[in-house]
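Trainee: Can you show me how to read helices and sheets in a model like this? I'd like the general idea, then the case here.

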Amino acid sequence: MDRKLVAFERWPAHLADRYRARGYWLGKPLCHGAEAQARHRPGATAILCGDRAVSYGDLDAQARALAARLAQAGFGHGDTALVQLPNVAEFYIVFQALLKAGIVPINALWSHRQSELASYAEQIRPRLLIADRSHPVFGGNGFAAGCDRLALALYRNAEDPRRDLAAWLDPAGAPAAEFRPTPAGQVAFFQLSGGSTGTPKLIPRTHDDYDYSIRESNRICGVTEATRFLVALPAPHNYLMSSPGALGVFQAGGTVVLAAAPDPQICFPLIARHRIDMVPLVPSAVALWLEAARRDAPDLSSLERMLVGGAAFAEATARQVPGVFGCALQQVFGMAEGLVNYTRDGDDAETVFASQGRPISPDDEIRILDESGREVPEGTPGMLAVRGPYTFRGYYNAPEQNARVFDREGFYYSGDVVERTETGSLRVVGRVKDQINRGGEKIAAEEIENLLLRHPQVRQAALVAVPDPMMGERSCAVIVGEDGLRAPALRRHLMEQGIAEYKIPDRFQFAEALPLTPVGKTDKKALREALARPAPAPVS
Ligand code: J2J
């Protein structure tokens, strides 16, 4: 008997009907692409991970083995899973397995620590945990013990054979238990929001909507079975999953090559060795790659396309990409909540280098609005609002936040400030959300401010972005605290709370008071401006 499926905010019937009628929503589970490849080309390589090659046949057999064992152990529809794995083949195999078995996962980033993981667990109350013993949070069983509904924890690098993920993935001896994906109109998995609030929000993505964004991304980015795609950024990130991402590559039957990090020293040899032709990067990684490529003259001759997105990309840097890497640049402006924009092959140079492209779908409805909610004229910056066939309709279990970021017509306000160019592309020019974009990694100011306020000597805290030539932005915490409070104590305090390292402020600044707006809120604009000014020379 089916348990209750994961609840989510649906598209209204008239829109859902339109998306189906127009062939966007196909009614297929998200795992169908890789399954079709396993049927037709089982020997083709799906994943290269270190010295391991995983064929489509292996990928499917291992995913089936795990799905069958989980089904036999009583897992299925209505269950959720918390998954945290590094950039390794198992990440994708586990994801396929959970899709097959109709278990809804949330894939945490490898950089996430106790605080983020506990927040996810609290929100989805997982019955299944899949993690890695080599991660600082999962060296022991404490985390699992703290999850109230947890029925099973499996680990990579486990010593105990009963909890060993590798054993659960082994096709040898897998039972013949029945399993099936959740219906295509239902939640397939949770994506992570970059966030601007105190707790990280979860984004339910359905099979139908995610599959559509991947299918169209493949077409727009020219992904085929010959594609050799480098995943050097965190694999669970929406960009690396779906724009066109590893799932796009699996759908087309190409090869995903995994790297632990986007460092040129790691990635350049992989590009040469595996003849990689497509790579998605964030602007801060492009800056490192440009420097290293000029210095070391590596063999990057196989590269055909570099996707760049996730954070503001300076036009001057964008213009260097084709010359230095000998490949095409494709800019992408996307979000885990849905909407994805790409520059297209054949676009004029101005569009490719100085815009972030246009939406995937003719049914992506975009509004660019001024403060009073009126649409602005072309070329004028305004707030981006969007509704469409793969943009979500509400964060999971978050009615208050949903009331703030959706309007009555179901348009989602992403917090980005954009303008429309003459050619109909979008240019991202700023944001109104209280977030720091640190080289593509998003930090919700409120989340860190709340953690800082837990320190007994902190009276007020404000986290703001400061410009940085490499990262685009770094974070600075402005603190009003008791005398004698210093940065190392606050850094230690945050580490003890167990947060991802990229969220630890790069800089601490101590102040007598925080500037206020006329309505009495912290004036972050004033703080940002003050911090961006060069520090006055010390008086001797
Ligand atoms: C400026 N800001 C950008 C860009 C995202 C593809 C690519 C990226 C993401 C992603 C993604 C930007 N220029 N080119 O999910 O599928 C900022 C915006 C946006 C936020 C979303 C994908 N591309 N951004 O970055 O959910 O502020 O997704 O709202 O992590 O990143 O962040 P995230």
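Trainee: Which residues of helix 3 are buried?

Mentor: Keep in mind that this model is predicted. The buried residues of helix 3 include Tyr-56, Leu-59, Asp-60, Gln-62 and Arg-69. In total, 12 of its 17 residues are buried, so helix 3 is largely enclosed by the rest of the structure.

Trainee: Which residues make the contact?

Mentor: Helix 17 brings Ile-448, Leu-451 and Leu-452, while helix 18 brings Leu-490, His-493, Leu-494 and Gln-497. Sort the residues of that contact and you get 5 nonpolar, 2 polar and no charged.

Trainee: And what about sheets?

Mentor: Strands of a sheet pair through backbone hydrogen bonds, either parallel or antiparallel. Take the open sheet of 4 strands with the order 16-17-18-19: its pairing is antiparallel. Strand 16 (365-369) and strand 19 (426-431) each have a single partner strand, so one side of each lacks a neighbour in the sheet. From one strand to the next, the twist averages 45°.

Trainee: How many bridges join strand 16 and strand 17?

Mentor: Those two strands pair over 5 bridges, in the antiparallel sense. For instance, Glu-365 has Arg-387 in strand 17 as its bridge partner.

Notes:
Residues are numbered from 1 along each chain as its sequence is written. This is a predicted model: local features need pLDDT of at least 70, side-chain atom pairs count only at pLDDT 80 or more; totals for chains, interfaces and linings use all residues. Side-chain values use heavy atoms; hydrogens and water are left out. Contact means heavy atoms within 4.5 Å. Ala, Val, Leu, Ile, Met, Phe, Trp, Tyr, Cys and Pro count as nonpolar, Asp, Glu, Lys and Arg as charged, and the others, Gly among them, as polar. Buried means under 20% relative accessible area, exposed over 50%, partly exposed in between (1.4 Å probe, protein chains only). Two strands pair if DSSP finds at least two bridges between them. Axes are lines fitted to C-alpha atoms, for helices over the stretch in contact, and angles run from 0 to 180 degrees between N-to-C directions.
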